[in-house]
Amino acid sequence: MVRVDGIADERSLIQVRDLDKTYKRGGEEIHVLQGLNLNVGKGEFVAFMGPSGSGKTTLLNLLGGLDVPTRGSITVDGDEITNMSAGNLTSWRARHVGFIFQMYNLIPVLNAFQNVELPLLLTKLSKAERRSHVETALSVVGLSDRMKHFPRQLSGGQEQRVTIARAIVSDPTFLLCDEPTGDLDRKSADDVMALIEELVNKYHKTVLMVTHDALVAERAHTTLHLDKGVLVEGRRSQVTSIVGGVA
Amino acid sequence: MKFSRIIFANLFRTKVRLLLTIGSFAVALFLFVFLAVVRDAFGRGADVAGADRLVIINRTSIINLIPLSYRDKILRIPGVKYVTHNNWFGGIYQDEKNFFPQFVIDPDNQRQVFPELIVPEDQWAAFVKDRQGAIAGAATAERFHWKIGDRIPIKTTLYGGGSWEFNLVGIYHGKRPQDDETQFWFQWDYFEEKIPQAIKGQIGWYVLRVDNPDDSPRIAKTIDDEFANSPNETKTQTESAFAANWVKQFGNIQFLIVSIGAVVFFTLLLVTGNTMAISVRERTSELAVFKAIGYSDRAILFFVLAESLVIALFGGVLGMLSAILLIPVLGKAMSGLLPSMVLSPTMLLFGLITAVLVGLASGLLPGLNAMHMRVVTALRRV
């Protein structure tokens, strides 16, 4: 279940409370997010939509522990990440978050297998165990036959699927997708979205996705609209309340 | 190590740049070690000097002569064990560029004062018997392909002109690798016979051995006091001090070489540092991905430093191999112009340590920048 009314829900995987994010540019303060509340249950697939500058990516970065809020708290699976040191936050990201970026962000000098293996190099898994995990992840995304291919030898859709394999290989608590189809043609975008849906429906992954594309957003369980840092609208099922912040 | 693949994959992403950087590193490090060897060679005189040897020169200057008659007075000073004397001949063998030092020696005492320079007994006996006999250092004999029995003509530039003829009757070797094997010795009697009357009985400098090196300051003072207020006052010093002063005649060689070495070192630092800075800047977003997926700041610093260190080690080893191959060749080519050049294991170790230090230092700044970059900012760069 997804809530944006700030009411505590013990069953939520992700709980965001009174979240503010303010940037200083020159002498001016820019309030990107203000008083934002969000509860996301396990296995949910949430899409965030909104115009450029509305704070979608900032929210995603905060949820993924890539940035720290000015005020408020984020709790994931019982861990309040807003109180963590930078070092602990890095370790937390390695264990709990899978990132899928718009531009794929694969390492060009590593092949598909090596790219997917990157998060596992931080674990104590043996070489054989790492191999097994990587092969499984690449098989889930349908690229078992492209393991030795380098990013330049793959299509955009295939590159994004390698990114998805990298995001799921360490079995993270949730996935964050920043415009995962933004750089793809419609056919490839459909394939990637089908894969993300499969991760949610078959493997019960929790996915939070930022997108500009209404067609892509429709495939999520819930769509939340952000405008100037405020959640203003929800769609489809289970949004129990919409609470906006200060504009 | 499981991260080595990442490090090497990044290194080889621009092969031409990598090769050029390693090449420039190797050349610079070779030059650095070569300068260190030259510096060492200039200081060699002081290093090979006997701790129990003193050198007496004319107080005015080494080019002023001293009477041979001083020898007996010197020998009477308590603590003095042996005394020998030398003159600088300064002749030319075939061509001016064929320089090597030629010394007039005193056959009676030469070997007692310089026991580290070895002449086989039969050759020494032949030398003593032959007034025109000469002994060459092994390096000089090899340089001019001389063999025992050869007749060596040397044109004098200081003693009236003309060519002096010598019979090569012996070849000496040093006991230690650093001993000078470029000298050419011939007999005092032959020299004394041929020089103009005005300078007969005058020697260039005395070298003496003392019983106890601890007595050297006292003996030196006694000698100089003995000849004070005479027409030829003396200056007595340890052989190492004499060698150091000799080198100073060429200017401050040490300072010059250290300065050039420092410039080479600094240039090396800039070249490698620039390569690493470009390399890091080019893949800012990739490094941000590493951080996003859980690689710590220290891991990022480690990657950059490791890459820089690998470049330095490849370049360093290549530079050291070049030094091992080329310095003996250069040493031979410059034999006579420079003191003997020896590339010691210590020097190689020094070169490798320099390489490691440059590698770490050049990677440090780009590494720290990568370490401290904000992921969200860096991810926006494509």
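Angles over 145 degrees between N-to-C directions count as roughly antiparallel. This cut-off is used in the first legend; the structure shown throughout is a predicted model.

**Figure 1. Packing of helices α12 and α13 in chain B.** Helix α12 covers residues 297-333 of chain B, and helix α13 covers residues 345-372 of chain B. The two pack at an angle of about 150°, and their axes lie 7 Å apart. Because angles over 145 degrees fall in that class, α12(B) and α13(B) are roughly antiparallel to each other. The crossing in which α12(B) passes α13(B) is right-handed. Sorted by class, the residues in the contact of α12(B) with α13(B) are 21 nonpolar, nine polar and two charged.

**Figure 2. Contact between chain A and chain B.** Chain A supplies 19 residues to the contact, and chain B supplies 17 residues. On the side of chain A that touches chain B, the element that gives the most is helix α2 (residues 86-96), with five residues. The residues on this side of chain A comprise eleven nonpolar, six polar and two charged.

**Figure 3. Fold of chain A.** Chain A holds seven helices and eleven strands. The C-alpha trace of chain A spans about 50 × 40 × 40 Å along its principal axes. The radius of gyration of chain A is 18 Å, which agrees with the value near 18 Å for a compact globule of 247 residues. Of these 247 residues, 48% count as buried. Taking contacts in chain A between residues at least 6 apart in sequence, 68% join residues at least 24 apart.

**Figure 4. Backbone at A:H204.** Most residues other than glycine have a negative phi. A:H204 has a positive phi, near 55°, and is a residue other than glycine. The residue sits in the loop between α6 (186-201) and β9 (206-210) of chain A. A:H204 counts as exposed because it has 9 C-beta neighbours inside 10 Å, and the class takes residues with 12 or fewer.

**Figure 5. Backbone at B:N229.** B:N229 is a residue other than glycine with a positive phi, near 65°. Its place is the loop between α8 (216-226) and β12 (234-238) of chain B. Inside 10 Å, B:N229 has 6 C-beta neighbours and therefore counts as exposed.

Terms used:
Residues numbered from 1 in each chain as written. Chains lettered and ligands numbered in written order. Predicted model: local features only at pLDDT ≥ 70, side-chain atom pairs only at ≥ 80, totals over all residues. Helix = DSSP H or I, 4+ residues; strand = E, 2+ residues; numbered from the N terminus. Rg over C-alpha atoms; globule rule 2.2 N^0.38 Å. Buried ≥ 20, exposed ≤ 12 C-beta atoms within 10 Å, placed from the backbone. Contact = placed C-beta atoms within 7 Å. Axes fitted to C-alpha atoms, helices over the stretch in contact; angles between N-to-C directions. Parallel < 35°, antiparallel > 145°, perpendicular 65-115°, else oblique. Left-handed = near helix turned anticlockwise from the far one by under 90°. Nonpolar A, V, L, I, M, F, W, Y, C, P; charged D, E, K, R; others polar.
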